[in-house]
Amino acid sequence: MSADSFVQSVLSFSKSVINDFIKKNIHQISGYLKDFKSETTIFWDKKKTPDASLTQYWNELENYYNVITEWIEKSDSRIILPQDEVFEQPVKTYIAGKEDVLNLPFPENLFDVDGKKSLFTGLSLLLHKQRFKRKKRKAEKKNPGFDYLKSGRYINSRAFLCRFLEYPLIEFLNKEYFHLSACQAKIIFGINRSMEKFKESLLRKKYFNDSENYWNYFSTENFESVLKIYVKDLSSFKNIIDNYEKEAGQRIDSFMESLSIEISKNFEIAGTYLLPEKEYNLSGAEKNVNELKKNIAKDQAIWNTYMNAAKEEWLKDIELSKMQFLSAWVCLDITSIVHDRIQEKIEPVYQSILGILKDTKNTLDENITEDAELEAIKQILRESNRNIIKNIRQQKLPELMDGISKLNISQLHQGFYNRFCERVEELSDIHILLIEKDTDHQALKADAVELSLKEILSEEMIPALNDDIQKINQQINNEITIISQDIMALDQIIGFSLEEAAGEVSDEDILKSKEIAIDAVRRTHERLEEFYTRVKAAADHSTKEIQHIILRLIASLNALEDSEEILKLKLRLARAKIKEQIRSTSRNAILAVKKILPSVLSQIYNLSLKIKDLFTKIRHISGIAPVEDLSDQFIDYALSLKQKYEALPFIYGRLFRIEPLESEQFFSGCVHAIAVMENEYNLYKNGRTIAMAIVGEKGSGKTTLINNVFRKNIVHPNYIMVNVDRNIDKEDELCALLTTAFNVPDIKTIEDMENYIVSGSSQYLCVLENMHRLFLRTIQGFAALERLLLLINVTRDKIMWIVTSGLYGWEYLDRVFNVSKMFHKVLLLDEMTVEELENVIIKRHQVSGFGLKFSVNDKITKQKQYRNISSDEERQLYLRKRFFKNLNEISSGNISISLLYWLGAIQELKEGYMIISPEITMEYSFLRNLTYDDLFTLCAIIQHEFLSMENHAEIFNNEPNESKIILNRLYQNGFIELKREGYFIHPLIYRAVAQILKSRNLLY
């Protein structure tokens, strides 16, 4: 075999192996791309619906991602390996088919001397030349006629091909494997990135930082165009294959050229001293090939890791993308649903009520004139009130409230949260991420880690999302609750005014009633528009908030497509867990300490408070602390309160009258007290003898409770009301009061009253109010009280007695007579809570028809908590809660005092809104400067609640003029006021006076 034919045969075989290797892999890569494009094209061709709704688009999009996910999981992206039996076996077969030994002539120029050779090379060449001549002479001598030059070189062709064909061929194919894999990686990552671009175009990623306008850019009009760009983008990946084939052809030509030179050169000198057989023997050649295969296996393992991780990362990105699409779609769906519900459920009712108000105004305008008769006007007002009750209260307001309740905004938010959590649960348990990769150089680098994306989302995003959802739900629920309460009072605004207008109408000023009624219609109209605006504003605010939350969620999910971000997040969670363990250990240690020393800590704290309070009192009493005389300030405040009350609109003044409520319209709270009274009444009906006392401060609502309980909850055929409206200490005066109440004028003594009740067959329920007025603090001043207690004891079988008493009078009588033991039940009216107090005042205010705004001062604006509130609605809510907490503290939950302070807090009436001061401040230190005569007088007044000048003189054994001077001095200073019943403590200092008297041990 000639050298040329051998080399050409080898080169021809090598090129066929290389081309076959590339052809099969390129076919597989092209098929991979073709299959993906086919899945995409087939899916979208089937789904072309020009008039599709937004919901259909999102459903199709999710279905497409499901199709692609299934295709990725089933597809095989592995490149066929160069040492695969498909290629390795033909090479080995080719080599095995060659002759074992070839006998070839020596090269003619074997011993040519090149002047450029080194001295060492020249000497080596000379040595080998002499050895070659000796072998030649010896061979020719042994076999005369033998041509040693033509047949003296022997080559092991198999070893030669293993060394100079298999090794470089496998090495080249491995390098080409790198290029093939890089080509496929570019396509996989290119498709992945193309899908990302498709998703980011639909999600408008470039607007992620513009949360105010983001959702305005979000529409369906670009869906088809984005899809076309996406499908066109997929076609561009064919260029990657084309470029590879072009570059591969260049690499093959270069390799074949170098392989040709290498094989020709080595085949020419093989079997000579230049390339002896020991340098390419079969065992050595196979060893080199096996070593190469080991190195190739390492590279291939890295590529496998890389390609598998690439597919897993692609699947991870698809899962995240589906969650982003779900979030965006649900967000748009929530916005659409809320808008539709307002238009369908609220808008028509709103317009209908506006029409009713307009008709009512026209009726009043047309029929109430100066010439109209008084009774006709009253009839018109009453008829208008009935129409309002029938059309608005009984029909339209329930419809409006039903529409508002059916907004269910918080349920929509919670529904999104639940769906997102379900999607997180559907995520794969394990995700594989590439954390190190280098596909651009021959030195391959690839490393992957396993982690749970589900765990990361569950521990990082879901808690934050839950906090955001709960916060926004609390806000919208609070807003809707307040709006609903205001709306329910809408009919009362006009109804109350029409009722008051009918009561005010007179021949002297007929038009005043018309003015009151029409003003009520106007204010009702304004409030209705305000409520409707507030509903839409609340819905818009919640929509913007949920849009902001979901946009932030989408952006966070988008960031998780970056493996580095996920690893950072995982590291942060690990650190957070460690910190939480440390905090938990610290908390447990602190709890253990608190369990050991709770009483000690409590005693130290209480002792410090007592010392502080005692120190303050000593400073004031001793005069160490400078005491500013603030009595003038109090008088000015009381006068300004009176002026404010007189300047208030007619309706507002009527609503905030300081007197017991007759109707249940503004009655609220007292749930426990009502339950106790009902229970006592049931015991009485079952045969028990019942006498109960209701005790509370002046203005705590005792009479209001009685009025409403016996109007709504308890109805008795023989209901007797005895109101002790002045101080009585004589038995005959008590008898006259009782005979009038029981309608038995012929009875002259209480003994006769006892006999009349006991001998009769009638059963009574008797309420006696103001029992504390049945005594005077004199030696003979308890006769009436003692006789009443005896009467109650004798007649308990016939009468269920319910008496009311002022708190401080009761406490005095309990010390003197132990009156508590004479009653089956003593009901002490507790102080109202902040929420109850707020409800009582807001109920009245809502009926006025005026809006409500709380102002701010420098002290509040400097508070960090206030500054951190962004919206005006939340700030108003904060100011409202803060004000009522302050009001409850300064009034100690006394409703009458609270009403006065509320009126005092009104700064102005502006554009239909009551502007309320942010807080109430009142200093009572001036009360500590009162003389003991003044303090004893105030003590007697607070125990009796009302005290005439004659009562004062009798109690303190004074001359009338002396008592008159003391009372007049307190009156001039504004500490007491005067009514028909007598003098009483000004409500604004009622609680402060009680505290001062208790500190001086004058009250119990």
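Below is a short chat about a predicted model of one protein chain.

Q: How many helices and strands does the chain have?
A: The predicted model has 33 helices and 14 strands.

Q: And what share of the residues is buried?
A: Buried residues make up 48% of the 1004 residues in the chain.

Q: Among contacts with a separation of 6 or more, what share comes from residues 24 or more positions apart?
A: That share is 81%.

Q: Let's look at a sheet. In what order do the five strands of the open sheet come?
A: The order is S6-S7-S8-S5-S9, and the pairing is parallel.

Q: Which ones are the edge strands?
A: S6, residues 719–723, and S9 are the edges. Each of them pairs on one side only.

Q: By how much are neighbouring strands turned against each other?
A: By 15° on average, with direction ignored.

Q: Is S5 mostly covered or uncovered?
A: S5, residues 691–696, is mostly covered. Six of its six residues are buried.

Q: Which residues sit on each face of S5?
A: One side has Ala 691, Ala 693 and Val 695. The other has Met 692, Ile 694 and Gly 696. Both faces are covered.

Q: Which helix lies across S5?
A: Helix H19, residues 671–685, lies across S5, S7, S8 and S9. H19 runs at about 165° to S9.

Q: What about the S6 end, how many bridges join S6 to S7?
A: Five bridges join S6 to S7 (residues 764–769), and the two run parallel. Met 721 in this pairing stands opposite Val 767 in S7.

Q: Where is His 716?
A: In the loop between helix H20 (702–713) and S6.

Q: Why does His 716 count as buried?
A: Its relative accessibility is 14%. Buried means under 20%, so His 716 counts as buried.

Q: What does His 716 touch?
A: Leaving out residues up to four places away in sequence, His 716 touches Tyr 681, Tyr 684, Gln 763, Tyr 764 and Leu 765. A polar atom of the His 716 side chain also lies 3.0 Å from the backbone nitrogen of Asn 718.

Q: New topic. Where is Asn 958 found, and is it buried or exposed?
A: Asn 958 is in the loop between helix H31 (949–956) and helix H32 (960–972). Asn 958 is buried, with a relative accessible area of 18%.

Q: Which side chain makes a polar contact with the one of Asn 958?
A: The side chain of Ser 963, at 3.5 Å. Beyond four places in sequence, Asn 958 is in contact with His 952, Ala 953, Ser 963 and Ile 966.

Q: Last one: how many disulfides are there?
A: The count comes to zero. As for cysteines, Cys 183 counts as buried at 3% relative accessibility. Cys 939 counts as buried at 3% too.

Definitions and conventions:
Residues numbered from 1 in each chain as written. Predicted model: local features only at pLDDT ≥ 70, side-chain atom pairs only at ≥ 80, totals over all residues. Heavy atoms only, no water. Buried < 20%, exposed > 50% of the residue type's maximum accessible area, 1.4 Å probe, protein only. Helix = DSSP H or I, 4+ residues; strand = E, 2+ residues; numbered from the N terminus. Pairing = 2+ DSSP bridges. Axes fitted to C-alpha atoms, helices over the stretch in contact; angles between N-to-C directions. Contact = heavy atoms within 4.5 Å. Disulfide = S-S within 2.5 Å. Polar contact = N/O pair within 3.5 Å; in protein donor to acceptor, adjacent residues only side chain to side chain.
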